[in-house]
Amino acid sequence: MMGQFGFGPGAMLLSGLMMLLFWGGLIVLVVWAVRQFAGRPANEDPTAILKRRLAAGEISQEEFDKTKRILQG
């Protein structure tokens, strides 16, 4: 059966799908932006970053010592 303006149920389904895609995309964009800008502070001390990476297991003790010496000059 046709709607008021001559569009069938397929057009209503398509418009509903487009609305879901729009709002879903907007939510994804907002979440991405918040995660990008809510990272660690820009003024974080390099030695603090190094200690955090060592504690997390991202670098070894040898890498920590070598990089710390380089940072200290």
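1. Helices here are DSSP runs of H or I with at least four residues, numbered from the N terminus. By that rule, Trp-32 sits in helix H1, which covers residues 9-37. This is a predicted model, and the points below should be read with that in mind.

2. Start with the overall fold. The chain has three helices and zero strands. Along the sequence the pattern reads α-α-α. Helix H3 spans residues 61-72.

3. Next, confidence. The average pLDDT of the chain is 86. A score of at least 70 is reached by 86% of the residues. Among the elements, H3 has the highest mean pLDDT, at 93. H1 has the lowest, at 91.

4. How much of the chain is buried? Buried residues account for 5% of the 73 residues. The accessible surface of the chain is about 6,600 Å². Carbon and sulfur atoms contribute 67% of that surface.

5. Look for a nonpolar patch on the surface. Its members are Met-19, Phe-22, Trp-23, Leu-26, Leu-29, Val-30, Trp-32 and Val-34. Together they have about 850 Å² of accessible area. Trp-32, already placed in helix H1, is one of these residues.

6. The structure holds one aromatic pair. The ring centres of Phe-22 and Trp-23 are 5.0 Å apart, and the planes meet at 75°, so the pair is edge-to-face. The cut-off matters here: planes over 60 degrees apart count as edge-to-face. Is Trp-23 buried, partly exposed or exposed? Its relative accessible area is 47%, so Trp-23 is partly exposed. That class lies between the limits of 20% for buried and 50% for exposed.

7. Which residues form the salt bridge? A search of the whole structure finds one. Arg-53 and Glu-58 are the partners, and their closest N and O atoms are 3.0 Å apart. Arg-53 has 32% relative accessibility, so this residue counts as partly exposed.

8. Move on to Thr-67, in helix H3. A polar atom of the Thr-67 side chain lies 2.8 Å from the backbone oxygen of Glu-63. Thr-67 has a relative accessible area of 31% and is therefore partly exposed. Thr-67 also lies 9.0 Å from Thr-47, C-alpha to C-alpha. In sequence, these two threonines are 20 residues apart.

9. Helix H3 also contains Leu-71. Leu-71 is partly exposed, because its relative accessible area is 46%.

10. To sum up, this is a chain of three helices with one aromatic pair and one salt bridge.

Conventions: Residues are numbered from 1 along each chain as its sequence is written. This is a predicted model: local features need pLDDT of at least 70, side-chain atom pairs count only at pLDDT 80 or more; totals for chains, interfaces and linings use all residues. Side-chain values use heavy atoms; hydrogens and water are left out. Patches are made of residues with over 30% relative accessible area and no salt bridge: like charges are joined within 9 Å, nonpolar side chains (Val, Leu, Ile, Met, Phe, Trp, Tyr) within 5 Å. Accessible areas come from the Shrake-Rupley method with a 1.4 Å probe; for residues, only the protein chains shown count as cover. A salt bridge is a side-chain nitrogen of Lys or Arg within 4 Å of a carboxyl oxygen of Asp or Glu. Helices (H or I, at least four residues) and strands (E, at least two) are DSSP runs, numbered from the N terminus. Buried means under 20% relative accessible area, exposed over 50%, partly exposed in between (1.4 Å probe, protein chains only). Rings of Phe, Tyr and Trp (its six-membered ring) pair if their centres lie within 6.5 Å; planes under 30 degrees apart count as stacked, over 60 as edge-to-face and the rest as tilted. A polar contact is a pair of N or O atoms within 3.5 Å; within protein, one must be able to donate a hydrogen and the other to accept it, and residues adjacent in sequence count only if both atoms are side-chain atoms. pLDDT is the predictor's confidence in each residue, from 0 to 100.
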